[in-house]
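Here are my notes for you, written as a colleague would jot them down. Have a look at the model first, then read on.

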Amino acid sequence: MRQSNAAVPIKPKKPTKGIKWEQHRELMKNSQVNRHLPATMKLNKQSFFAMLSRYKTVYLKPNQGAFGVGVMQVRRIVHEKKPYFRIHSGTQQHKFLAKEEVYAFFLGKRVNADYLIQQGIDLLRWNKRPFDLRLMITKQKDHTWRNEGFVGRVAHHKKIVTNIRSGGTALSVEDLLASHTNPTTQKKVIMNLNKLGSRICKQLEKNYPGIQLFGIDIGMDQNLKPWVIEVNTRPEKICWKCMRKLYKKNISVKIP
């Protein structure tokens, strides 16, 4: 994995925060990317019922937001006596027998009126906790995009989000993949993740004039298929700090 040693300016240019629904629609136009996108819809009562009937697990996410604030997970549980629904918000879990009850609970807990509903992916786990990978991808002088490194993020044992600021644990991609791959497969997985990240940046950059950095969150299912969870146009600085600590290198990136 190549690293950049350029200096970071004191005040890098900041693009506008991305809107998840607009990004999803743009990425759907790319045939090499869209097969890695979980099914996603604008959230209303009709889409909630439809998605929960189709998928065992769904996520309810604010269209704009950060640090996993307001994200909820709804899971359809098949029980021998009677099926039920479990909604997970923060560290709290609640059970309901009907979809209508779950939706009413969501309306009382949402942080704003603009939400998306997304297909839940059965992510790989580390010590029984789901994890994803943050790719920090920068634009080079030749206008290509290169991943500066990975920050593996393992969810807090009582939460559904992997964000470091929400209690997630930072680990290296090598440590996280060690129990799921052999060395040859691991190199192939990392290469494919870098290719996917570059394609995402190329597809989205025209919507963000002058952007030099994307933080891309990618999870992998049990078959090692990558799934694009979220794209961040202003990834938090803690990712660089975690990367420096994980790889014990002086990682810094010049963003004009």
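The points below go from the whole chain to single side chains.

1. First, the ground rules. This is a predicted model, where local features need pLDDT of at least 70 and side-chain atom pairs count only at pLDDT 80 or more, while totals for chains, interfaces and linings use all residues. Residues are numbered from 1 along each chain as its sequence is written, and side-chain values use heavy atoms, with hydrogens and water left out.

2. Now the overall picture. The protein chain has six helices and 12 strands; these are DSSP runs numbered from the N terminus, with helices being H or I of at least four residues and strands E of at least two. Of the 256 residues, 50% are buried. Buried means under 20% relative accessible area, exposed over 50%, and partly exposed in between (1.4 Å probe, protein chains only). Take the contacts (heavy atoms within 4.5 Å) between residues at least 6 apart in sequence: 62% of them join residues at least 24 apart.

3. On to the inside. The largest nonpolar core has 40 residues, and L133, F150, I200, F214, I216 and V231 have the most contacts inside it. Such a core is a set of buried Ala, Val, Leu, Ile, Met, Phe, Trp, Tyr and Cys residues joined through side-chain atoms within 4.5 Å. Elements giving two or more residues to this core include β8 (129–139), β9 (145–154) and β11 (213–220). Helix α5 gives the most, with seven residues.

4. If you skip its neighbours within four places in sequence, I200 touches L27, V33, I216, V228 and V231. There is also a second, separate core of 18 residues, and F48, V102, Y115 and I117 are among them.

5. Next, the rings. The whole structure holds seven aromatic pairs. Rings of Phe, Tyr and Trp (its six-membered ring) pair if their centres lie within 6.5 Å; planes under 30 degrees apart count as stacked, over 60 as edge-to-face and the rest as tilted. F48 and Y103 make a tilted pair, 5.3 Å centre to centre with 45° between the planes. F48 sits in helix α2 (residues 45–54) and Y103 in helix α3 (residues 99–109), so this pair ties together parts that are 55 residues apart in sequence. Both F48 and Y103 are buried.

6. What about F106 and Y115? Their ring centres are 4.9 Å apart and their planes stand at 80°, so this pair is edge-to-face. F106 and Y115 are both buried. One aromatic cluster takes in F48, F49, Y103, F106 and Y115.

7. Which residues of α3 are buried? They are V102, Y103, F105 and F106. Because they cover an arc of only 160° around the axis, they are on the same side of α3; the arc is that of the directions from the helix axis to the C-beta atoms. These buried residues pack against α2, β2 (57–62), β3 (72–77), β4 (84–89), β5 (92–96) and β6 (115–119).
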